[in-house]
Amino acid sequence: MKIVAYRLNGRSGVGLVSADLQHVQPFDLPEAQSDLGAQALIEMQARGDTLPALLPALALHEVQIVAPLPRPRRNIFCVGKNYFAHAKEFAGSGFDSSAKSGGDIPADPIIFTKVPESVVGPGAAIEMPAVSMAIDYEAELAVIIGRGGKGIAAKDAMAHVWGYTILNDITARDWQGRHQQWHMGKSFDTFCPMGPWLVSADELDGTKTGVRCYVNGEERQNASTADLIFDIPKLIETLSAGITLYPGDVIATGTPVGVGIGFKPPKYLQAGDVVRVEIDGIGSLENPVR
Ligand code: MG
């Protein structure tokens with residue numbers, strides 16, 4: 001199934017997207033739950049509850065699609081340098097505070113987080129902050145946790161995956177480099193475009209799907225999640241070793257080669273640009289830069 005969150009006539013809704021992507025069938029949910037997007041539905045399924053009744057379908061073009069988890073219940077987990085070619089381009093950029101001489105490929109996953117308030121939906125503007133001159137895009141497959149847990153073994157991890165969405169891990173490179181810890185430069189307001197909807201794991205094999213990014217129509221990134229250094233089971237095993245994972249947790253799996261910092265000179269985002277991230281089996285996430 002595909003679950004979309006939206007606004008219509010000043011109210012939040014969450015619904016099932018039809019196979020032809022033309023309609024949405026809203027779930028009969030209280031407003032307070034609809035405001036959190038797919039969160040309540042993921043929790044219900046994790047408990048084994050049946051989903052709420054469906055209301056009559058609406059045309060998808062009539063609603064304003066928002067992020068499927070507009071305010072995740074806690075920080076978004078993110079993975080740094082998780083594709084081989086990107087690890088090399090970033091280590092060579094001069095902005096990589098984690099780079100070690102002689103070793104571009106991390107021995108263990110590099111984990112950082114973005115604050116929930118950085119999330120915006122499809123079509124929402126990525127706001128250029130006055131305090132950075134080096135704003136970059138990062139196309140990523142995001143994993144959505146279904147059933148939570150702690151100490152999840154890699155061999156059992158995929159059973160904890162509810163599904164997937166598209167995430168653009170927007171980054172202020174100068175802040176990422178200068179402040180050592182990546183959290184601030186990754187968490188500016190509007191720096192986490194997400195959407196357009198969630199796709200359940202029975203509909204998409206996230207372990208081998210295509211990830212692409214375009215800026216003003218120019219292809220910048222094009223890779224497969226099969227090239228991840230640390231695969232999804234390994235990421236879940238690592239994160240859950242000491243941190244309990246909960247339904248609705250988001251894990252951004254890292255970005256492939258082709259980010260702006262990898263070009264000489266760098267191709268940073270500018271006001272007026274349009275960034276589009278595509279993932280096979282999900283769709284596309286497009287955001288203007290303002
Ligand atoms: Mg990233």
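Reader: Hi! Into which domains is the protein chain divided?

Author: Hello! There are two parts to look for: domain 1 (2-66) and domain 2 (76-288). Those bounds come from an automatic or database domain assignment. Keep in mind that this is a predicted model, where local features need pLDDT of at least 70 and side-chain atom pairs count only at pLDDT 80 or more, while totals for chains, interfaces and linings use all residues. Residues are numbered from 1 along each chain as its sequence is written, and side-chain values use heavy atoms, with hydrogens and water left out.

Reader: Thanks! How many residues of domain 1 are in contact with domain 2?

Author: 14 residues of domain 1 are in contact with 16 residues of domain 2, where contact means heavy atoms within 4.5 Å. The C-alpha centres of the two domains are 25 Å apart.

Reader: And what area is buried between domain 1 and domain 2?

Author: About 1100 Å², with carbon and sulfur atoms giving 67% of it. Buried area here is the accessible area (1.4 Å probe) that two parts lose on being put together, summed over both. On the domain 1 side, Lys2, Ile3 and Ile42 lose the most area to domain 2, together 48% of what that side buries.

Reader: How many salt bridges does the rule find across that interface?

Author: One salt bridge is found between domain 1 and domain 2. The rule asks for a side-chain nitrogen of Lys or Arg within 4 Å of a carboxyl oxygen of Asp or Glu. Lysine 2 and glutamate 203 form a salt bridge through their side chains, at 3.3 Å from N to O.

Reader: What does the count of salt bridges come to by this rule?

Author: The count is 19. Another one to look at joins aspartate 136 and arginine 173, whose closest N and O atoms are 2.9 Å apart. Aspartate 136 is in strand β9 (residues 135-136) and arginine 173 is in helix α4, so this pair ties together parts that are 37 residues apart in sequence. Helices (H or I, at least four residues) and strands (E, at least two) are DSSP runs, numbered from the N terminus.

Reader: New topic! Which residues lie nearest the centre of the largest pocket?

Author: Those are Tyr6, Arg11, Ser12, Gly13 and Pro26, out of 14 lining residues. The volume of this pocket is about 210 Å³. On a 1 Å grid over the protein atoms alone, a pocket is an open set of points with protein on both sides within 12 Å along at least five of seven lines, a cavity is a set where a 1.4 Å probe fits but cannot get out, and lining residues have an atom within 4 Å of a point. Grid points are joined across faces, edges and corners, and a volume is the space filled by probe spheres set on the points.

Reader: Which element gives the largest share of that lining?

Author: β2 does, with four residues. β1 (2-8), β2 (11-17) and α1 (31-34) each supply at least two.

Reader: What about cavities: how many of 30 Å³ or more does the structure hold?

Author: One, and the largest cavity has a volume of about 60 Å³. It has 15 lining residues, with Gly80, Lys81, His86, Glu138 and Lys186 closest to its centre. At least two lining residues come from each of β6 (76-80), α3 (84-91) and α4 (173-178).
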